[in-house]
Amino acid sequence: MISLLQVCGGKFLARSAIQVANKAFYSAQMSKRVAVVLAGCGVYDGSEIHEASAILVHLSRGGASVDMYAPNMEQMHVINHAKGEPMEEKRNVLVESARLARGNIKALSELNVNDHDAIIFPGGFGAAKNLSTWAVEGKDCTVNGEVKAALEAFRGQGKPIGLCCISPVLAAKVFPGCELTLGLKNNDKYPNTTDTAAAVRQLGCTHASVDVSQSHVDRQNKLVTTSAFMCDAPIHEVFDGIGSMVKGVLELA
C-alpha cells in the first residue's frame with residue numbers, strides 16, 4: 001500500500017509539475033503584446049484578408065494580446081475586386097482597415113513601441129501601395145513615414161518584426177542588409193518571387209528561398225518572414241506558414 005501511494009504520489013507530482021510548467025508558459029505568452037499594422041481591406045488595394053485573419057488566429061492561439069493600427073490616410077486607389085479594375089472613388093486606409101479589426105483599431109500615429117513586445121505586418125497590395133510605393137517604384141520606393149518610424153523603433157529596441165507576403169519589402173527598404181524570404185525563386189508556384197527577390201538583393205539584402213509553409217528568421221535583425229500568397233498554394237499551407245512566422249515572432253519577443 002505504501003509503495004502504491006508512493007507511485008501514485010509520484011505521478012500526481014509529475015502531473016502537477018507539468019501543469020505548473022504549462023501555466024507558466026501560457027502566462028508568459030499572455031504577457032506578449034503585439035501590434036498588427038493593416039493597410040486597408042482587400043488583397044488588391046489593402047491588407048490580404050486571409051493573411052490578416054491567420055495572423056490574428058495564431059496570435060490568439062499563442063496567448064498574445066493584440067492592438068491593431070493603420071495609417072489615417074487616403075488609399076492609393078480603390079480596386080473593384082470582382083473585376084480587378086480601379087474604381088472612381090476614394091477610401092481611407094484606417095476606415096477600411098477597421099473592417100478587418102471589427103472596429104477596434106487606432107491610427108498608426110498613436111502606436112508606441114513601449115506598449116508592445118512585437119509588431120506584425122500582413123501582406124496584400126496595400127503594403128506596396130499604401131504603406132509604401134513599391135507597387136509603382138519597386139526598389140526605388142519610399143516607405144510611409146509612420147511605417148518607417150514604427151519599423152525603426154521596434155528594431156531599435158530589439159523587438160521582433162513579422163512580415164508576410166509582399167510586406168517583407170518594407171524591411172528590405174528600411175533595413176539594408178537584412179535577411180528575408182518571399183518564397184522559392186525560379187518556381188512556377190511563386191510567379192512574382194524571382195523578380196522581387198532580385199530587387200531585394202539590389203537593396204543589399206539577402207533573400208532566402210523558403211517554402212510557403214515555413215518561415216525565415218533573421219536573428220540579427222529579429223525579422224521573421226514568410227511568403228504567404230506570394231505562392232499559388234492551398235490556403236492551409238499559407239495558414240501554416242503564417243503560423244510559423246507568428247510562432248517565431250513570439251519566441252523572439
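I looked up burial and found that buried residues make up 49% of the 253 residues in the chain. I took buried as under 20% relative accessible area, exposed as over 50% and partly exposed as in between, with a 1.4 Å probe and protein chains only. The model is predicted, so I noted that local features need pLDDT of at least 70, that side-chain atom pairs count only at pLDDT 80 or more, and that totals for chains, interfaces and linings use all residues. Residues are numbered from 1 along each chain as its sequence is written, and side-chain values use heavy atoms, with hydrogens and water left out.

I checked the surface next. The chain exposes about 12200 Å², and carbon and sulfur atoms supply 51% of that area. These areas come from the Shrake-Rupley method with a 1.4 Å probe, and for residues only the protein chains shown count as cover.

I listed the secondary structure: the chain has nine helices and eleven strands. Both are DSSP runs numbered from the N terminus, helices being H or I with at least four residues and strands E with at least two.

For contacts (heavy atoms within 4.5 Å), I looked at sequence separation. Of the contacts in the chain with a separation of 6 or more, 72% are between residues 24 or more positions apart.

**Helix pair**

How do the axes of H2 and H9 cross, and within what distance do they come? The axes of H2 (residues 49–61) and H9 (residues 235–252) come within 9 Å and cross at roughly 50 degrees. The axes are lines fitted to C-alpha atoms, for helices over the stretch in contact, and angles run from 0 to 180 degrees between N-to-C directions. H2 and H9 are therefore oblique to each other; under 35 degrees would count as roughly parallel, over 145 as roughly antiparallel, 65 to 115 as roughly perpendicular, and the rest is oblique. I recorded the crossing of H2 and H9 as right-handed, that is, with the near helix turned clockwise from the far one by less than a right angle.

On the H2 side the contact includes His 50, Ala 54, Ile 55 and Leu 59. On the H9 side, Phe 239, Ile 242, Met 245 and Leu 250 are among the residues that make it. By class I noted ten nonpolar, three polar and two charged residues in the contact of H2 with H9. Nonpolar covers Ala, Val, Leu, Ile, Met, Phe, Trp, Tyr, Cys and Pro, charged covers Asp, Glu, Lys and Arg, and polar the others, Gly among them.

**Single residues**

I found Ala 135 in helix H5 (residues 134–137), partly exposed at 40% relative accessibility. Not counting residues up to four places away in sequence, Ala 135 touches Ala 128 and Lys 129.

Gln 214 sits in the loop between E9 (206–209) and E10 (216–218) and is partly exposed at 44%. Leaving aside neighbours within four places in sequence, I saw Gln 214 in contact with Thr 226, Gly 241 and Ser 244.

Which loop holds Asn 186? Asn 186 is in the loop between strand E8 (179–183) and helix H8 (193–202). Asn 186 has a positive phi of about 55 degrees although it is not a glycine, and is exposed at 70%. Asn 187 lies in the loop between E8 and H8 and is partly exposed at 27%.

Lys 222, in the loop between E10 and strand E11 (223–226), has a positive phi of about 55 degrees without being a glycine. I noted Lys 222 as partly exposed at 25%.
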